[in-house]
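User: Please go through this model with me. I want each label set against its definition.

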Amino acid sequence: MTNFTRSVAIPMGPAGSGRSVVTWAGIRGVIMDRISNGTYPPGTLIPTEQQFAAEFGSARATVNRALTSLAERGVLERRRRVGTRVVLGLEPEPERASLPVIRDMIEERGWRFDFRYLGSLPCPVPPQAPGEPAERLFRSDPADLRELRTLLYCDGRLFCAERRWIDSAALPQLTDDLLRTVTANEWLAHNTALTLIERLVSARAAGEVGADQMLRCLPEAPLLVQETTLWVGARPLIWTQHSFAPEFRMDLSRAGDGVTLAAPARRG
């Protein structure tokens, strides 16, 4: 089994400042490492803000921001007068996340699925905000990440631009050669044991998400964008933006489990 745990160096404050000052993101990274390696198993209470502040030589407010960030993403549960416990990984195995395969959702309707892999890029890449992929994947250094770009087609019509950021050290199998033969979505669905899938759907301008050139539309064109974060073990390893073409429509009539089914609005 692949070991997704890596050591994290806590970013320190300016030299000569009189004491060590760590960042909230660095503290968050250490806590995530301890969850990953079993130091803080699911269901256990972790140290208090005061204890972490003493350990790291930081202000309680800095620790609070780190713990709040993890609680907002469903890693921790914070209860007044009880404490903070690890909740990631408490769900029973049969209820753990499964990733829908886009090819299957297209082909089960009798349509033809195809894709074109555009290659990989270092992170960050304009116009994407430099810190967003790193923040979604709890990475203090964007250099750990790699962006994969793919175009998705239905019945020969381009309907989706896929931008996917991955932790390249944790997923070295996702090479350019592999991704020319199979989509990352299909490979991940069949080769990873996902523990959590975070989904967010929003209306965005094509230029805002860097999809205007990929979809050959105006930068101000309104798009439906689905953002997905995939967790393996106690780590978020993949963040994806699926930006659907302006004429796209979403059919939810068969999505009882919350999975969206995608297709172009018109078939030529």
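Analyst: What follows takes confidence, a helix pair and a cavity in turn. This is a predicted model, in which local features need pLDDT of at least 70, side-chain atom pairs count only at pLDDT 80 or more, and totals for chains, interfaces and linings use all residues. Residues are numbered from 1 along each chain as its sequence is written, and side-chain values use heavy atoms, with hydrogens and water left out.

User: What makes residues 1-9 a stretch to treat with care?

Analyst: pLDDT is the predictor's confidence in each residue, from 0 to 100. Over residues 1-9 it stays under 50. The model has 21 contacts (heavy atoms within 4.5 Å) for residues 1-9 beyond four places in sequence. Residues 11-21 are also below 50, with 13 contacts beyond near neighbours in sequence. Where pLDDT is low, the predicted coordinates should not be read in detail.

User: What is the average pLDDT of the chain?

Analyst: The chain averages 82, and 79% of the residues score at least 70. Helices (H or I, at least four residues) and strands (E, at least two) are DSSP runs, numbered from the N terminus.

User: Why are H1 and H2 called roughly perpendicular?

Analyst: Angles run from 0 to 180 degrees between N-to-C directions, with axes fitted to C-alpha atoms over the stretch in contact. Under 35 degrees counts as roughly parallel, over 145 as roughly antiparallel, 65 to 115 as roughly perpendicular and the rest as oblique. H1 (residues 24-36) and H2 (residues 49-56) cross at roughly 110 degrees, their axes coming within 12 Å. Therefore H1 and H2 are roughly perpendicular to each other.

User: Which residues make the contact of H1 with H2?

Analyst: H1 gives Ile 27, Val 30, Ile 31 and Arg 34; H2 gives Phe 52, Glu 55 and Phe 56.

User: Which elements give two or more residues to the lining of the second largest cavity?

Analyst: Helix H4 (102-107) and helix H7 (184-191) do.
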